[in-house]
Amino acid sequence: DEAIHSDSWCVRYRTDLEDKYNRRLAITTELKRALASQQNELSMVYQPKVDLRTMKVCSMEALIRWNNSALGFVPPDEFITIAEQAGLIEQVTTWVMQQTIADLAYFRAKGYEFTVAMNLSTQDIQNKVLLRKLVALLTQEGLSPEALELEITESDLVADASLAIENLNELTARGFHFAIDDFGTGYSSLAYLKNLPVTTIKIDKSFILALASDENDQQIVHTVLSLASVFNLKVVAEGVEDVASLEILKEWGCDIAQGYFISRPLNRSDLENWLQNTPFGE
Ligand code: C2E
Ligand code: MG
Ligand code: MG
Ligand code: MG
């Protein structure tokens, strides 16, 4: 308490903008250090996705975690954005690709057949060098592109995105699959996506978290599901936190569910345990 009070003079007179600037600077500095050091500050966790037709695990979303001694846990939403602005995203994504593909190979060697979904940021899908690295890493591990799904957000494809779309087409021709993440939060329509090499949409969790009780969300989700079936797109619902939402989604023909009701994101060894004990096991 004493420490907090002696600090409060500075804190009170600092503007919001300065706070943001300092936080961003600290994240940039520490992230650079984390990427260069071997101290395991960064790690990957995996969140299961369940096929609602079979009620079995079909895929895992790979999500990065960062625990820093000075900053504590830094949410990926926050540091990924900063990494992009600071020119560090290529390094971050390279690290994510290495870990994720190694872990995927590990699970394949154990006989698991689920795919793994990796998040790419806007800059990543414009970066040919990085995408070539991705292909090389998979080849090295003897994995085919079909084993991987790539999640990108709507906004990545909206403004001035010809290079991104060219890269998407190229990777699709090689056998990669793309999913549109956080669907419903941006501006693109399903009709627009129809013209892109996208096979899957992930309905943003903001429409799913309260699905069982919120009639607006129900209407939105129902509409998205009907349209998606017209356009032949597979639908993943993220943010499924209760069995009631899961049942609704199943009844309405949603293909895949992901959320805390099924499992929180888990590190590799916790995931291995989970896979052996879950009713959703392969
Ligand atoms: P996202 O790709 O939309 O990932 C789903 C987020 O929803 C994850 O948050 C996940 O933990 C959370 N989530 C899943 N189920 C539930 C649920 O039932 N309830 C609630 N409340 N949340 C749920 P997380 O891990 O904090 O990641 C946030 C975002 O950071 C991701 O959103 C993604 O955009 C970005 N991100 C995470 N890892 C990576 C990465 O390796 N590379 C890139 N480029 N971005 C990443
Ligand atoms: Mg995602
Ligand atoms: Mg999402
Ligand atoms: Mg997101």
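Here is a chat about a predicted model of a protein chain and its magnesium ions.

Me: Before we dig in, what kind of model is this, and which pLDDT values count?
Reply: This is a predicted model, where local features need pLDDT of at least 70 and side-chain atom pairs count only at pLDDT 80 or more, while totals for chains, interfaces and linings use all residues. Residues are numbered from 1 along each chain as its sequence is written, chains are lettered from A and ligands numbered from 1 in the order in which they are written, and side-chain values use heavy atoms, with hydrogens and water left out.

Me: Great. How many helices and strands are there?
Reply: The protein chain has eleven helices and nine strands. These are DSSP runs numbered from the N terminus, with helices (H or I) of at least four residues and strands (E) of at least two.

Me: And why call it as compact as a globular protein of that length?
Reply: Its radius of gyration is 20 Å, close to the 19 Å that the globule rule gives for 282 residues, so the chain is as compact as a globular protein of that length. The radius is taken over C-alpha atoms, and the rule is 2.2 Å times the number of residues to the power 0.38. Along the principal axes, the C-alpha trace spans about 60 × 50 × 45 Å.

Me: How much of the chain is buried?
Reply: Buried residues make up 46% of the 282. Buried means under 20% relative accessible area, exposed over 50%, and partly exposed in between (1.4 Å probe, protein chains only).

Me: Now the metals! Which residues coordinate the magnesium ion (ligand 2)?
Reply: Glu61 (OE), Asn119 (OD1), Glu151 (OE) and Asp181 (OD) do, at 2.0 to 2.2 Å. Donors are N, O and S atoms within 2.8 Å of the metal (3.2 Å for Na, K and Ca), and water is not among the atoms, so sites may look incomplete. In sequence, the donor residues of ligand 2 are spaced E-x57-N-x31-E-x29-D. Glutamate 61 in strand S2 (residues 56-68) and aspartate 181 in strand S6 (residues 177-183) link distant parts of the chain, 120 residues apart.

Me: Are those two, glutamate 61 and aspartate 181, buried or exposed?
Reply: Both glutamate 61 and aspartate 181 are buried.

Me: Which residue bridges the two ions?
Reply: Aspartate 181 bridges ligand 3 and ligand 2, the magnesium ions lying 4.4 Å apart.

Me: Switching to the backbone: where is asparagine 40, and what is its phi?
Reply: Asparagine 40 sits in the loop between helix H2 (16-36) and strand S1 (42-51). Its phi is near 55°, a positive value in a residue other than glycine. Asparagine 40 is exposed, with a relative accessible area of 70%.

Me: What about asparagine 232?
Reply: Asparagine 232 also has a positive phi, near 65°. This residue is found in the loop between helix H9 (215-230) and S8, and is exposed at a relative accessible area of 69%.
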